[in-house]
Amino acid sequence: MAGSDTAAEVHFDSPGPGTWELDPVHFPRPVTRYWTEIHPEAAGRGTREFAQYYGMLFGGLEMAYVNGFCYHTLAPVAEEEIPQRFQRAEEVFQGKLWREQLREWDDVCKPSSIATHRDIQAIDPDALSDQALVDYLIRCRDHHAAMLTQHMRFTAAAMLPTGDFLAHVGAWTGLSPAELLGLMRGAASVSAGGSDELERLITTIAQDSSARELLNSEDDPAQVLAALRALGGDAGSAVSGYLDLIGYRPLDGFDISEPSALELPDVLIRAIRVAVNGRDLGTSETEDRIADVRNQVPEQHRSEFDELLGEARLTYRLRDERGVYSDIWASGLMRRAVLSAGRRLESRGAVHAAAHLIDAGFEEMRSLLLGSGGPSADELEARLEYRETHRAKDAPAVIGEPAAPPPDPSGLPPAVARLMIATGIAMGSVFGSSEQQHEADLLRGLAASRGLYEGPARRVSGPSEFHRIVQGDVLVTEATTEAFNILLPLLGAIVTDNGGLLSHSAIVAREYGIPGVVGTRDATERIADGMRVRVDGDAGEVSVLA
Amino acid sequence: MKEVVPLAKASDTAIFGSKAVGLGDAARKGLSVPPGVALSGSIVEAVASGEEDAIERVVESVRPLPAPLAVRSSAVDEDGAEASFAGQHLTLLNVPSVAEVSSAVRDIWWSANSDSAITYRQRVGLFTRPSVGVVVQTLLDSDVAGVMFTLNPMNGADECMIEASWGLGEAVVAGLVIPDHYRIDRSGQVLERTPGLKKRAVRPLATGDTVEEEVPPDLVEQLCLDDDQLAELHRLALRCEEVYGPARDIEWAFAGGSLYLLQCRAVTRVGN
Amino acid sequence: MAGAPVEALQRVPLFAELDRHEVEQIARLFKERRFAKGETVVREGSGGAAFFLIDSGEATVSVGAAPRTTLGPGDYFGEIALIDEGTRSATITAVSELACYGLTLWDFRPLVEENGAIGWKLLQSMVKKLREAEQGHRPAAST
């Protein structure tokens with residue numbers, strides 16, 4: 001289609017046949033060129049693997065990037081494979097095939113991935129020659145791609161039992177997925193940032209008063225981290241262990257453009273403080289909720305409820321683990337290597353700033369390092385500017401053929417139908433409905449307190465509901481009063497319907513240093529309890545993720 | 001000492017609590033505060049215990065104050081203790097009878113001695129018996145009220161930031177509405193006037209309660225402060241800074257055409 | 001008139017070993033407290049700091065989300081909090097306008113510390129309670 005391409009006008013051409021849906025949930029901003037080079041193939045392969053493993057009625061989830069935004073389509077499965085798929089689908093629930101994958105993850109994939117990450121992390125890119133750095137970049141990239149495939153491969157194991165649980169229990173009780181997902185709480189310590197290393201960090205710091213003092217001091221966060229690391233004894237080594245685990249993990253997102261934990265020391269210190277100082281009322285509260293929902297299930301289905309819940313909670317941690325221990329870590333390592341290359345290119349005048357190299361494609365990075373060509377410094381800077389000034393909410397929700405209604409599962413054999421329904425619900429709770437995606441899921445208000453935080457929303461209207469808040473929740477309420485102050489050590493962020501920059505909620509959010517967005521008008525109507533939200537206190541925006 | 005004094009005589013925070021003394025300071029410096037009295041921690045305890053002469057004295061001292069009356073706590077300890085009161089207790093009285101006054105004061109005593117208040121104190125290492133003062137003050141039926149900071153709390157800029165809404169200032173403090181937002185520079189020039197969404201207003205009732213009312217549609221997005229009022233607020237800001245120092249967090253109200261100071265504290269934190 | 005009714009207090013096991021005069025001393029320390037219908041009086045899991053005796057009205061006792069029993073005039077709860085400030089073991093909610101007499105540990109403790117006799121008798125009641133609890137856990141005798 002012909003048309004003039006002015007700076008303001010960008011065309012969205014369909015990447016191929018079928019219906020392509022935007023994913024603003026995982027990619028709210030345009031991605032780097034490097035990411036568009038490796039993600040589609042690597043991730044697509046992983047989805048094809050899980051579709052086959054579980055006998056699903058699609059070929060895979062294909063990804064494509066249009067103007068830096070992520071679109072996906074459901075690729076069809078070849079006709080001749082269908083009988084095989086039907087057969088396999090029968091085995092899925094009978095044999096609880098996800099348990100095999102969970103075992104494979106725990107026994108093989110996760111430890112081996114961690115070992116590889118640590119090997120790569122042990123090398124200091126700054127100490128390498130240009131050619132050795134190129135080889136190192138290749139190694140990081142290949143590892144990143146392999147990890148992306150691994151991430152997608154375990155997607156079904158992570159989501160299927162949950163989707164199955166939501167499908168059945170939703171039908172029995174009429175409760176929404178968002179409400180039912182609340183019953184997963186405590187099943188996934190990784191989602192809440194937990195790990196053995198974090199546990200050790202919490203215990204050793206609690207017992208070491210000089211460590212506690214350092215942690216709570218008002219000094220420069222980067223220096224506090226360095227000082228904590230340098231402490232003798234258990235606390236110091238626990239801090240190092242924890243920082244080695246998460247230091248090169250992007251705090252938010254997946255692309256190499258996202259800063260890693262060590263690059264944001266004040267956020268990191270705050271998170272550690274919350275973990276060390278906070279209290280968690282989690283478990284018994286969840287048990288009560290489970291009992292409450294169970295009572296709403298008709299009696300003849302209750303033992304099935306127990307079984308479904310058990311499988312869902314068993315695999316729930318895979319949702320985040322498959323990312324955190326696979327590509328998220330690998331992405332941080334790739335970023336580190338690219339920044340190292342960027343620094344030397346900056347000193348040679350090939351780029352205006354080390355971080356601009358992030359916007360080069362892989363071959364371009366190689367050419368620039370070896371001095372054999374590549375994009376200009378201005379070009380790279382322009383790409384960065386593009387990424388920072390564009391948002392997925394401005395991109396069309398659908399490209400290509402219009403979205404067809406989901407196929408009717410009632411004509412399928414029962415096991416296959418069950419599988420497709422469970423998958424549909426699981427994917428729906430992740431992606432949401434794309435047409436209403438942007439507007440339905442993005443709220444704007446006043447940027448009352450800076451910072452970015454992602455976590456489960458908790459709708460609390462007053463002191464009688466305070467006991468529902470647990471560590472890391474995002475408070476969503478009409479307005480706050482001093483009564484809410486006691487919740488502050490537990491909260492990750494505050495979102496209110498009403499209030500200005502001088503209202504109580506704004507003031508306490510700033511005092512506590514947690515992100516706050518006030519005056520959204522209708523957050524309490526649009527955010528359901530338990531939904532995962534991202535609060536951006538700098539932009540004054542709240543995104544509903546699931 | 002079991003005392004009840006006019007606000008202008010409250011000067012010892014250990015006896016009357018910080019709210020009372022803050023208001024007392026303002027009154028002594030000639031800033032307009034609504035009329036009121038301060039009760040010492042000891043007389044609050046005596047009233048809560050049911051001592052008849054203590055109750056009589058309190059009722060006598062509040063009778064002359066114009067109704068309705070707001071009865072509030074005035075914490076004697078560090079402001080941390082204020083935070084521990086699960087809900088700043090406010091009772092409104094229209095006719096200060098013996099029963100109503102003793103009940104209101106007793107409720108405040110209990111809020112300082114509640115499960116959460118006491119365990120909070122233990123946790124933060126305050127191993128002394130809680131003591132709480134009380135302020136009884138006329139609740140003005142304000143037309144427009146809100147909050148003013150004498151610096152910009154987001155970036156520390158040297159300007160006044162004002163948030164205002166119709167009716168009692170609670171609508172702004174408690175964030176019940178999206179208030180009008182104004183900024184004035186040090187010389188008095190108005191830098192910003194952004195109307196909010198002021199759908200509700202809190203007003204005192206004759207029965208001695210407050211009620212949330214719907215604001216008429218044409219007023220919801222109409223600016224509630226004109227330039228004359230902004231100029232008065234600016235003068236109040238300068239005066240408060242003279243008296244107390246820079247970086248003030250001020251609660252104010254316009255009632256019957258006059259500007260009143262309701263509370264003046266230090267801004268606790270700027271930016272993040 | 002200040003203070004709680006002495007007869008009602010005499011029925012509280014913790015005060016079972018005290019004589020009337022001693023109970024009067026404690027009764028004087030109580031203060032009236034009212035709760036509106038539906039208000040939470042104490043919350044399970046929160047730190048406890050006061051003991052309550054009901055004068056009029058009704059309250060439900062719940063553990064977890066499950067209601068266990070109802071309390072009415074003359075009933076009392078929370079006496080252990082006077083001594084150990086531990087966490088409340090149940091949630092108590094007023095189901096009608098509830099008028100109570102309350103005694104905080106801050107008012108109770110000085111009296112006990114100054115009055116050794118009262119302290120001794122409290123110890124006796126506690127020990128009695130301990131023995132009863134122990135016997136409850138032993139397997140039933142075969143005879």
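Trainee: How many residues of chain B are in contact with chain C?

Mentor: The model is a predicted one, and in it 14 residues of chain B are in contact with 14 residues of chain C.

Trainee: Which helices of chain B supply at least two residues each to that side?

Mentor: Those are α6, residues 98-112, and α7, residues 115-123, both of chain B. The largest share comes from α7(B), with five residues.

Trainee: And by class, what has the side of chain B that touches chain C?

Mentor: There are four nonpolar, six polar and four charged residues on that side of chain B.

Trainee: Staying with chain B, how do β8 and β9 pair?

Mentor: Strand β8(B) covers residues 180-185 and strand β9(B) covers residues 190-194; they pair in the antiparallel sense over four bridges.

Trainee: Which residue stands opposite B:H181?

Mentor: B:T194, in β9(B), stands opposite B:H181.

Trainee: What about the turn, how many residues lie between the strands?

Mentor: The hairpin of β8(B) and β9(B) has four residues between the strands, and in this hairpin B:G188 takes a positive phi near 105°.

Trainee: Switching to chain A. At what angle do α3 and α5 pack?

Mentor: Helix α3(A), residues 97-122, and helix α5(A), residues 155-173, pack at about 140°, and their axes are 9 Å apart.

Trainee: Why is that pair called oblique?

Mentor: An angle has to be over 145 degrees to count as roughly antiparallel. The angle here is about 140°, so α3(A) and α5(A) are oblique to each other.

Trainee: Left-handed or right-handed crossing?

Mentor: Left-handed, as α3(A) passes α5(A).

Trainee: Which residues meet there?

Mentor: From α3(A) there are A:W98, A:Q101 and A:L102, and they meet A:A157, A:L160 and A:P161 of α5(A). By class, this contact has five nonpolar residues, one polar residue and no charged ones.

Trainee: Back to chain C. How many helices and strands does it have?

Mentor: Chain C has five helices and eight strands. Starting at the N terminus, the order in chain C is α-α-β-β-β-β-β-β-α-β-β-α-α.

Trainee: How much of chain C is buried?

Mentor: Of the 143 residues in chain C, 33% are buried.

Trainee: And what share of the contacts in chain C, at a separation of 6 or more, comes from residues 24 or more positions apart?

Mentor: Such residues account for 74% of those contacts in chain C.

Conventions. Residues numbered from 1 in each chain as written. Chains lettered and ligands numbered in written order. Predicted model: local features only at pLDDT ≥ 70, side-chain atom pairs only at ≥ 80, totals over all residues. Axes fitted to C-alpha atoms, helices over the stretch in contact; angles between N-to-C directions. Parallel < 35°, antiparallel > 145°, perpendicular 65-115°, else oblique. Left-handed = near helix turned anticlockwise from the far one by under 90°. Contact = placed C-beta atoms within 7 Å. Nonpolar A, V, L, I, M, F, W, Y, C, P; charged D, E, K, R; others polar. Pairing = 2+ DSSP bridges. Buried ≥ 20, exposed ≤ 12 C-beta atoms within 10 Å, placed from the backbone.
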